[in-house]
Structures are given as structure tokens and as C-alpha cells.
Amino acid sequence: ISASNVGGVELLMHMLTNISELPVSKTAVMSSGIGKTIGTFEKHKICIGSGNEKKIKERIKKVKNNWSASVKQKRREDTASIINKTKNAPSSNNGSNLKSAPADAKNTSSSKFSSLITKASGPS
């Protein structure tokens, strides 16, 4: 777009309007370089001093705001997913290691476990 007159302002406006609603992740924006490219349009001669400067800057702002909201939403969803997986994961310690341990170790582990539960539950 910026190297030639093919497409021009109309294509830029159309592109900015349509990409603003795309769901994105921070990784996708950073690795593709599109976030940086969109930011450069505000300073490019296609925008500065043109009759469409205000409209272009409004659409760029809309893209930035929508993408920022999309990244935050994705982060919340990922966090919620991790929390749900942790809650729903079966316990890795089902007592099998206590059964295979010698009797003395079993008593020691049991007493440590009991004191840990007492500390965690607090005074009665």
C-alpha cells in the first residue's frame, strides 16, 4: 500500500475497518509485525495532511482498542482454562507411594501429613 498507489486510501480504510474485529493474541500481533505496521500508518504520508487523516486515525485507534480488548479477553480465557484444568485434574498422589514405602517411613509421612493438615485447618 505504502510503496505504490495501488489500492491507496480506499484499500487502507477498508482493511482497517475489517481487521479491527479480528480476534488476536499478543503473540500473533507481535510475531506478524502487523501491530507495528498499523501504527506506522498514522505517520505516513498517506495519512498526514490528507483529507482522510482524521478517519484513518479513528480507524487505527479502533483497531488498537479492539485488539487490546481481544488480547485481554484471550488472557482471561486462558487463565480460566488453566484454573479449570487444575481443579478438574485428578490428584497425582492417590496414596500409592505410601503403600510401597516401608512401615517406618509410612508412620513418619503420616505424622508429617497430620501436622500439615492441623496447621492448614487452623485452631479448632
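**Overall view: the order of elements in the predicted model.** From the N terminus on, the elements of the protein run α-α-α-α-α-α, and the protein has six helices and zero strands, where helices (H or I, at least four residues) and strands (E, at least two) are DSSP runs numbered from the N terminus. This is a predicted model, in which local features need pLDDT of at least 70 and side-chain atom pairs count only at pLDDT 80 or more, while totals for chains, interfaces and linings use all residues. Residues are numbered from 1 along each chain as its sequence is written, and side-chain values use heavy atoms, with hydrogens and water left out.

**Close-up of the largest nonpolar core.** Of the 16 residues in this core, Leu-16, Ile-38, Ile-56 and Trp-67 touch the most other members; a nonpolar core is a set of buried Ala, Val, Leu, Ile, Met, Phe, Trp, Tyr and Cys residues joined through side-chain atoms within 4.5 Å, and buried means under 20% relative accessible area, with a 1.4 Å probe and protein chains only. Helices H1, H3 (34–41) and H4 (53–88) each supply at least two residues of this core.

**Close-up of Trp-67.** Leaving aside neighbours within four places in sequence, Trp-67 is in contact (heavy atoms within 4.5 Å) with Ile-19, Ser-20, Leu-22, Val-24, Val-29, Ile-34 and Ile-38.

**Close-up of Ser-20.** Ser-20 lies in the loop between helix H1 (8–19) and helix H2 (26–32), and Ser-20 is buried, with a relative accessible area of 1%. Apart from neighbours within four places in sequence, Ser-20 is in contact with Lys-62, Val-63, Asn-66 and Trp-67.

Terms used. Buried < 20%, exposed > 50% of the residue type's maximum accessible area, 1.4 Å probe, protein only.
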